[in-house]
Amino acid sequence: MTPTPDHKRLTLVVVGHGMVGHRFVQAAIERGLTETYDVIVVGEECRPAYDRVALTSFFEVGAEELSLLPGGAYDDPRVRLVTGTEVTGLDTETRTVLLADGEVLGFDELVLATGAAPFVPPIPGKDLPGCFVYRTIEDLEAIREAAAGATVGAVVGGGLLGLEAANALAQLGLETHVVEMAPRLMAVQVDDAGGAMLTRHIEKLGLTVHTGAATEAVLGESHVTGLALRDREPILAEVVVFSAGIRPRDGLARDAGLDLAERGGVLVDEQCRSSDPHVWAIGECAAPAGRTYGLVAPGYTMAEVVVDALLGGPGAFTGADMSTKLKLLGVDVASFGDAHGTTEGALELVFADAVAGHYKKLVVKENPDGDGTILLGGILVGDASAYGVLRPMVAADGTSGIELPPNPEDLILPASRGAVEIGLPDEAVVCSCNTVTKGEILARVSTDGAGDAEPCTDATCVTRCSGAGSTCGSCKPTVKKIVEDHFASVGKVVDRSLCEHFGLTRQEIFDVVAVHGYTRFDDVMEGHGTGRGCDICKPVVASVLASQLGGHVLSPAHRPLQDTNDAYLANIQKNGTYSVVPRIPGGEITPAKLIVIGEVARDFNLYTKITGGQRIDLFGARMEELPLIWRRLVDAGFESGHAYGKSLRTVKSCVGSTWCRYGVQDSTSLAIMLEERYRGLRSPHKLKGGVSGCARECAEARSKDFGVIATEKGWNLYVAGNGGAAPVHARLLAGDLDTQTLVSYLDRFLMYYIRTADRLQRTALWVDSLDGGLDRVRQVVVEDSLGLGSELEAAMDAHVDGYFDEWAATLEDPDKLARFVSFVNAPGTPDPHITFREERDQIAPADADGPVVLGATIAVGAPLGAVAGTR
Amino acid sequence: MTTTSQATSSDPTTYTVVCRLDQVEREGGVVALVGGAAVAVFRTYDDEVFALDNYDPFSRASVLARGIVGTRGDISFVASPMHKQAFDLRTGHCLDDAAVRVPAYDVQVTGDGQVLVGGVRSNS
Ligand code: SRM
Ligand SMILES: Cc1cc2nc3c(=O)[nH]c(=O)nc-3n(C[C@H](O)[C@H](O)[C@H](O)COP(=O)(O)OP(=O)(O)OC[C@H]3O[C@@H](n4cnc5c(N)ncnc54)[C@H](O)[C@@H]3O)c2cc1C
Ligand code: SF4
Ligand code: FES
């Protein structure tokens, strides 16, 4: 620990708040460095650190989502973050830095984390308007703006980052060219054959690749018009992005006279200390042993090493795993270890399948003992699923490593040709972003390894606790596999059982009900459960029975199973009253019906609000008023809107071709038809739909579980979107469908979901959980690969035929109505706990502070106090 | 249903008839007004009857009778309909938070199927 003789606090300044600077501060807080140091972080960008690795997703998710510090501040008060301010000078004599706004900061220790800048080749025209680099959110914003008025874009550089940029241009709708000087794409990571395979993939997506092409100049007078290439026709383009490599930002160190590496970067030792003992450098600006690293994982390691050094620890940076796996324009590419076989004695095993577009290469070597092979590295293009297993097997030092099976080629053959399961040793690093070994993952899930903490129960928990899988995510499948294999090996079935009463998943319960033809909870319990059930399994069984049998959810055998809201066919509110939501299919309503809703709301003094789902919610109804309210609504032709059920809510519509000057199909009619078809359908979670009359998407259909968007030729069907806490855009399942096909696909999709999803799992998570994801759904729904199509459609037809309005049926049945009373022995007495105040001319719940005693109306004993909080 | 209003806390042995047993569904509950308080009366699958104060101290609403009745291990409980905290039907103890308890009432079922609610149980 750094000594603090007179207890004076020391000052540590970090220059640069990028990915690595942020990681450094996090580690400094976690490991207690802020006990001795005040930390000041100065970053030049206008926002706190964000996930640059995921930069390209900015167009989809926005800046918020990328932020690594969403609150904008660290919750340790000893850390001060200054953004939007460049550090312009460093004086190692006085130990001060100068900020662009003139402020001078003294430091005891200085950490440079200034990253790198894109390299722009010094060619004529490089500064013309229309030329960009690809490094910051601001760069992307500028590119987006320029792309709006352009049709063709070109990227100079066909490396990893160049392809990312090309991806972005293509996403922005530009016809895109990639210009690479080397004879292949991604020259650093892949070999000629792999590069050729990659080129084929990318050209299939409509991009044009020019390899072996040298850019000589940017053409244009006042704005970019194209690129001039050596010995080739020029390319016309209005947007040019330079992505021809990066240069470490070592200017501060250079001006301060610190040692730099030959090819740039602040020269540092194994502890990341520069030639000045109080100045450190980490991340892309640093050159440990003279070498710079353009990936985030080595930077993270450097950050940890410096924190360790400042705490007096022995940590050292001794080189890094430069493995990469990424999805570029939808194509998997991975490169790991000695991908180019430069080690002496290296042998290459290659598997190429031009039809499938797969190229896989393993670089192996005889074990020094001569009794087997070890893995040195490899390249995977088109299918990188083996990456998670292969990368941790690489011999880090090029000699020792994990023994490969006798036929190592099995490792890269497609699964059908005999890929084998490989046991990784405990010391294998599974997550390279966060340096988590298999051993550490196992320790998290085993009872004795987790220390005081509760052992993790699933892979998600392991990711949360160990960080494995939390950065680039490429190791997640391996983490999950290790966790599940571990549970299987200790005889613990990965616990997916519903609750203590059922050792079954929701899907299994669905199946046993179908197979045995159960109609009552008690039979399911007797056959497959223990005890009497609870608030988890009862609603699940109720929902499964309702999906399969229809019938009334309040029929005697099913009533006690229903969750809160289903139990009274209304949504409970915080004060014990209910809200009432009549169905307004597609959001279309006649003035006469609107008036009825208004009259009912007025007569029962209900708070009235337009919902986010294109209908009207009436709040504050006492339980005993629900039948009276619904009598009036049903008489006026309304039905239950199932706002209370895990079932279809709304199918949102836009006005469509009937009125809208842009509409190409009648979206309103389709929305009404779909809402009426699927109304009352009980499902694992709520279901929402939307139909838009053209691509302008006014119905926000892609934020729904199923969304339909009109095209000139028919309908595009999108599935598995949602809003809520983790919004997901629905993805295209099938395009240009006629209405009949659309409905049959939707029937299949919804029934497949109802049969196989977990409890409270919305469609997006369900699709993700399926082996094969959306492709799997497409096989089952569109290609009918399981031959289930007609069965699923028949199940939906049965639902449609069996539908009746739950509220109308309840009003007909005195037994069901008998439950809607305030007190069983005083049905006429309103519950005195419920009181209202007034807000903006309507009622609102008044806060209740304890049990109320109805002393005035009925003779009583002494008031009863609440016992909450006492014991 | 008539309310007999002879219950007083000074005489805990006095019981009020609140309803017939068949008015309480198995694994369901009703609310009765007893001595001015809202009391939730529950019936388990094997026809045992329990009574708790209807007031849910977590959500501060009078709603417990509307919850799902089930078992945790051997304990019969009701889950609050609001946020699902479980309460032991016998004692009113919250099974999810040892510091919280709702009052439990004495109950009886007469031979002719009447449910009677008495005073608050002092301990247990
Ligand atoms: C009333 C309403 C808000 C409003 O005043 O506008 C509302 C109110 C409730 N929402 Fe909502 N949601 C309402 C529209 C939405 C929307 C917008 C939409 O449907 O277009 C969303 C985002 C879209 C989506 O669902 O994907 C929405 C996302 C949620 C979520 C998060 C779901 C998720 O998958 O993350 C919940 C929580 C849940 O269901 O588990 C929720 C749950 C609830 C519940 C049911 C919470 C509860 O159990 O008490 C609220 C009670 C409704 C009531 O008492 O009537 N509500 N809720 C809206 C009723 C729409 C309708 O006509 O039925
Ligand atoms: C599009 C793209 C995709 C990528 N994909 C991957 C990938 O898949 N895998 C991977 O491992 N890596 C990837 N990278 C690289 C990765 O983002 C970097 O390795 C990582 O961000 C380096 O972190 P850093 O903190 O060293 O630099 P940065 O994140 O660049 O942070 C440096 C910060 O310092 C600031 N700064 C510089 N000078 C000063 C100054 N004088 N005063 C104040 N502030 C200053 C800069 O403005 C910047 O905010 C990608 C990069 C890009 C651009
Ligand atoms: S989605 Fe298209 S058809 Fe529908 S309202 Fe918007 S612009 Fe009009
Ligand atoms: S390897 Fe990137 S998160 Fe694990």
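Is the crossing of α2(A) and α3(A) left-handed or right-handed? I opened my notebook with this one, keeping in mind that I am looking at a predicted model.

**Entry one: two helices.** I found that α2(A) and α3(A) cross in the left-handed sense. Helix α2 covers residues 58–66 of chain A and helix α3 covers residues 137–148, and I noted an angle of about 145° with the axes 12 Å apart. Next I looked up who meets whom. On the α2(A) side I wrote down A:F58, A:F59, A:A63 and A:L66, and on the α3(A) side A:I137, A:L140, A:E141 and A:R144. Sorted by class, this contact has six nonpolar residues, two charged ones and no polar ones.

**Entry two: a strand with two partners.** I moved on to strand β16, residues 239–242 of chain A. Here A:V239 and A:V241 point one way, A:V240 and A:F242 point the other way, and all of them are buried. I then checked the neighbours.

Which residues surround ligand 3? I listed A:C654, A:V655, A:G656, A:C660, A:G663, A:S692, A:G693, A:C694, A:R696, A:E697 and A:C698. I divided this shell by class and got five nonpolar, four polar and two charged residues.

Definitions and conventions
Residues are numbered from 1 along each chain as its sequence is written. Chains are lettered from A and ligands numbered from 1 in the order in which they are written. This is a predicted model: local features need pLDDT of at least 70, side-chain atom pairs count only at pLDDT 80 or more; totals for chains, interfaces and linings use all residues. Side-chain values use heavy atoms; hydrogens and water are left out. Buried means under 20% relative accessible area, exposed over 50%, partly exposed in between (1.4 Å probe, protein chains only). Helices (H or I, at least four residues) and strands (E, at least two) are DSSP runs, numbered from the N terminus. A residue is near a molecule or strand if one of its heavy atoms lies within 4 Å of it. Ala, Val, Leu, Ile, Met, Phe, Trp, Tyr, Cys and Pro count as nonpolar, Asp, Glu, Lys and Arg as charged, and the others, Gly among them, as polar. Axes are lines fitted to C-alpha atoms, for helices over the stretch in contact, and angles run from 0 to 180 degrees between N-to-C directions. A crossing is left-handed if the near helix is turned anticlockwise from the far one by less than a right angle, and right-handed if clockwise. Contact means heavy atoms within 4.5 Å.
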